[in-house]
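Take a look at the protein below. This report walks through its fold, its pocket and a few selected residues.

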Amino acid sequence: MGRTYTHPPIVEAVCEFRLSPETPWDLAIPGLLYETLRDRFPHRESRLLPELGIEQSQAGIRQEIRTSERILFFAEDRRMFIQVGPRLVAVNCLKPYPTWMQFKPIIAQTWQRLINTVAVKRIDRIGLRYINQINLAWNDVELSQFFQFYPFLGPQLPQKMASFAVVSEFVLREMRDRCRVQLTSAEMGSPVITTVLLDIDYFLAQPNGGTIAEALDWVETAHNEIEIVFEGCIPINYELCLMSISNDVAFRYNPFNGDHFTTACKQLVGVSYPSVNERADG
């Protein structure tokens, strides 16, 4: 069980299932699946989305952008929706993120309705992805003060970055799974706030690496690993260092004066944070 956060920075979470090519699929399946899910996702829309296709031949690797039709089932508040494409089903959740205990049953229900509707032969890929938006009330940030995963700059390099992106892909579970972690700057148009995106994408790296019966167990394992990776990317005093900016209020943190920060938080948003001395006193 990971730590609980008063201000979770999650802006989107998505769980995706990609089925094997031999799994039967036709144009009627999205409609059949919709009928099993319309009680929770009553609004149905069709969209064309761009996809990057990669083909390998004797001449080399060729990339092309092509469009793919997706059928989307939206909940009433449109903060949660299901994407259905050829041999693909994904469950998306936008902010405010509820909790894993609320999101997980929706994933489980969608998966169960899918395998009841389609004769799934194999799973090609499962992915669980969390995109976090972290707003810092500074326009000139020393990343090492806020993250334990960040671009390192040698002493002979210029120290001010206009933008940055750092990506690592980690191998887990005896090479069955991988976790791609990206930390990138985001241009949000504010002169006083630095916005950083922490994107954690955990996925099944080996085709046939998971069975149909074990799919939901894999999702639970993926969530546990994502929690570990997230907490490995940020300092333990996350709530004091990183604050989501809302209603145009900028929270400022002085790492040498935690009590001053706590008082400011209480005055601005009424959040009952313990002071540094109160935490030390237990």
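Helices (H or I, at least four residues) and strands (E, at least two) are DSSP runs, numbered from the N terminus. With that rule, the protein has 6 helices and 9 strands.

This is a predicted model, in which local features need pLDDT of at least 70, side-chain atom pairs count only at pLDDT 80 or more, and totals for chains, interfaces and linings use all residues. Residues are numbered from 1 along each chain as its sequence is written, and side-chain values use heavy atoms, with hydrogens and water left out.

## Confidence and overall build

The mean pLDDT of the protein is 81. In all, 77% of the residues reach 70 or more. Over residues 243-282, pLDDT stays under 50. For that stretch the model has 53 contacts beyond four places in sequence. A contact means heavy atoms within 4.5 Å.

Contacts also tell us about the chain as a whole. Take those with a separation of 6 or more: 63% of them join residues 24 or more positions apart.

The protein has 282 residues, and 43% of them are buried. Buried means under 20% relative accessible area, exposed means over 50%, and partly exposed lies in between (1.4 Å probe, protein chains only). The accessible surface comes to about 15,900 Å². Carbon and sulfur atoms hold 52% of that surface. These areas come from the Shrake-Rupley method with a 1.4 Å probe, and for residues only the protein chains shown count as cover.

## The second largest pocket

Rolling a probe the size of a water molecule over the atoms shows where empty space is left. The search here runs on a 1 Å grid over the protein atoms alone. A pocket is an open set of points with protein on both sides within 12 Å along at least five of seven lines, where a 1.4 Å probe fits; lining residues have an atom within 4 Å of a point.

The second largest pocket holds about 600 Å³ of space. Its volume is the space filled by probe spheres set on the grid points, which are joined across faces, edges and corners. The lining of this pocket has 23 residues, and the closest to its centre are Arg 3, Tyr 5, Tyr 97, His 223 and Glu 227. Helix H2 (100-117), strand S6 (123-136) and helix H3 (215-233) each supply at least two lining residues. Which of the elements gives the most to the lining? H3 does, with 7 residues.

His 223 sits in helix H3. It is buried, with a relative accessible area of 8%. Leaving aside residues up to four places away in sequence, His 223 touches Tyr 97, Trp 100, Leu 128 and Tyr 130.

Some residues are separated along the chain yet meet in the fold. The table lists C-alpha to C-alpha distances.

| Pair | Apart in sequence | Apart in space |
|---|---|---|
| Glu 187 and Ser 163 | 24 residues | 8.6 Å |
| Asn 135 and Ile 193 | 58 residues | 6.5 Å |

Glu 187 lies in the loop between strand S8 (177-186) and strand S9 (194-204). It is exposed, at 72% relative accessible area. Asn 135 belongs to strand S6 and is buried, at 9%. Thr 184 is part of strand S8. Not counting residues up to four places away in sequence, Thr 184 touches Phe 164, Ala 165, Thr 195, Val 196 and Leu 197.

## Backbone details

A cis peptide bond joins Lys 95 and Pro 96, with omega about 0°. Pro 96 is in the loop between strand S5 (88-94) and H2.

Two residues other than glycine have a positive phi. Glu 174 has a phi near 55°, and Met 175 has one of about 75°. Glu 174 lies in the loop between strand S7 (165-172) and S8. Met 175 is found in the loop between S7 and S8. Buried or exposed? Glu 174 is exposed, at 81% relative accessibility, and Met 175 is exposed, at 54%.

## Cysteines

How many disulfides are there, if a disulfide is a pair of cysteine sulfur atoms within 2.5 Å? The count is 0. Cys 233 is in no disulfide, and the nearest cysteine sulfur, that of Cys 179, is 8.2 Å away. Cys 233 is buried, at 5% relative accessibility. Cys 93 is buried, at 2%.

Methods
pLDDT is the predictor's confidence in each residue, from 0 to 100. A disulfide is a pair of cysteine sulfur atoms within 2.5 Å.
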